[in-house]
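Good morning, and thank you for coming.

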Amino acid sequence: MNSHNAPKAKRTEFRGRFGVLARYAAAMVTFAGALALVAASPADSVPAKPDAAASRAAFLQVYSVLTSPRCQNCHPAGDAPLQGDDSHVHIQNVKRGKDGHGVYGMRCDTCHQAANLPGAHMPPGNPKWSLPPAAQKMTFVGRSPAELCNQIKDPNQNGKRSLQALLDHVANDDLVAWGWNPGDGRTLPPLTRPETVAQMKIWINGGAACPE
Ligand code: HEC
Ligand code: HEC
């Protein structure tokens, strides 16, 4: 009797296992379907309805970077660059000059080399070291969030940049990169570069809304 029942029991056991496998396979198909749905909506697509409140909030984050010493020291209101975490006027009577690279005999690259020189209070360096030109000063110092927001998205004040070009400048320009690699003894902006770029994307995708 036992010898007769043995194969039947095995078959039942096999069907049981197959049933589990079949249910597992069905679950995998459902899971794959969900993945396909996620893949169909890329994270960086423009939202159907721009979120102006999120956009304004993101600009305030970007503003905290633009007006940090590492950025605003080269975006002064007057014609002299600023220095240090207290943004004091550059010593040695350094002036912007027409092209932003200084005046005759006091050109920026007299002291500023292609790279930072090691040691506190040594000149920071970059091949493009200069202020924006006299004809378009791109002033960050003393601007309210609303003023700076409207200014940097205005092609007549930002070097003829589209919003995409503005984002690209902050994400990829190597002089902007210096702000996050400022040499010995200088503090960093409040957000990292990737965080700043992420906030700029939220600002732009939300319609580049400006604080009141
Ligand atoms: C005579 C030399 C000299 C010349 C010319 C000069 N600089 Fe400087 N600059 C320095 C030195 C030295 C420092 C570092 C000061 C310190 O960290 O205390 C400095 C620091 C700076 C900083 C401060 C960076 C920061 O965030 O703290 C800026 C901005 C700057 N220079 C811009 C310029 C620009 C733009 C020009 C040309 C228009 C220029 N400098 C010309 C010597 C010079
Ligand atoms: C050594 C000086 C210097 C420093 C430091 C500097 N910038 Fe600038 N920035 C410039 C110059 C010069 C231009 C103009 C370049 C052009 O139009 O091609 C500019 C242009 C810009 C622009 C585009 C035009 C506009 O409307 O403002 C943005 C945005 C900007 N800078 C952001 C930053 C940020 C963010 C930092 C700090 C992480 C920074 N900059 C630090 C010199 C500087």
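A residue is called buried here if 20 or more other C-beta atoms lie within 10 Å of its own, exposed if 12 or fewer, and partly exposed in between, with C-beta atoms placed from the backbone. On that basis, 17% of the 212 residues of the chain count as buried. Please note that this is a predicted model, in which local features need pLDDT of at least 70 and side-chain atom pairs count only at pLDDT 80 or more, while totals for chains, interfaces and linings use all residues. Residues are numbered from 1 along each chain as its sequence is written, and chains are lettered from A and ligands numbered from 1 in the order in which they are written.

The chain has eight helices and four strands; these are DSSP runs numbered from the N terminus, helices being H or I of at least four residues and strands E of at least two. Along the sequence the pattern is α-α-α-β-β-β-β-α-α-α-α-α.

Let me turn to helix packing. Helix 2 and helix 8, residues 193-205, pack at an angle of about 145 degrees with their axes 8 Å apart; axes are lines fitted to C-alpha atoms, for helices over the stretch in contact, and angles run from 0 to 180 degrees between N-to-C directions. Which residues of helix 2 meet helix 8? They are Ala54, Ser55, Ala58, Phe59, Gln61, Val62 and Val65, and their partners in helix 8 are Thr196, Gln199, Met200, Ile202 and Trp203, where contact requires C-beta atoms, placed from the backbone, within 7 Å.

In helix 5, residues 145-152, the buried residues are Leu148, Cys149 and Ile152. Seen down the helix 5 axis, they fall within an arc of 105 degrees, so they line one face of the helix; the arc is that of the directions from the helix axis to the C-beta atoms. These buried residues of helix 5 pack against helix 2 and helix 6.

Finally, the ligands. A residue is near a molecule if its C-beta atom, placed from the backbone, lies within 6 Å of it. Of the 24 residues around ligand 1, Pro81, Gly102, Cys108, Cys111 and His121 come nearest. Helix 4 supplies the largest share of that shell, three residues. Around ligand 2 there are 23 residues, of which Cys71, Cys74, Asn158, Gly159 and Gly179 come nearest. Helix 2, helix 3, helix 6 and helix 7 each supply at least two residues of the ligand 2 shell.

Technical notes
Two residues are in contact if their C-beta atoms, placed from the backbone, lie within 7 Å.
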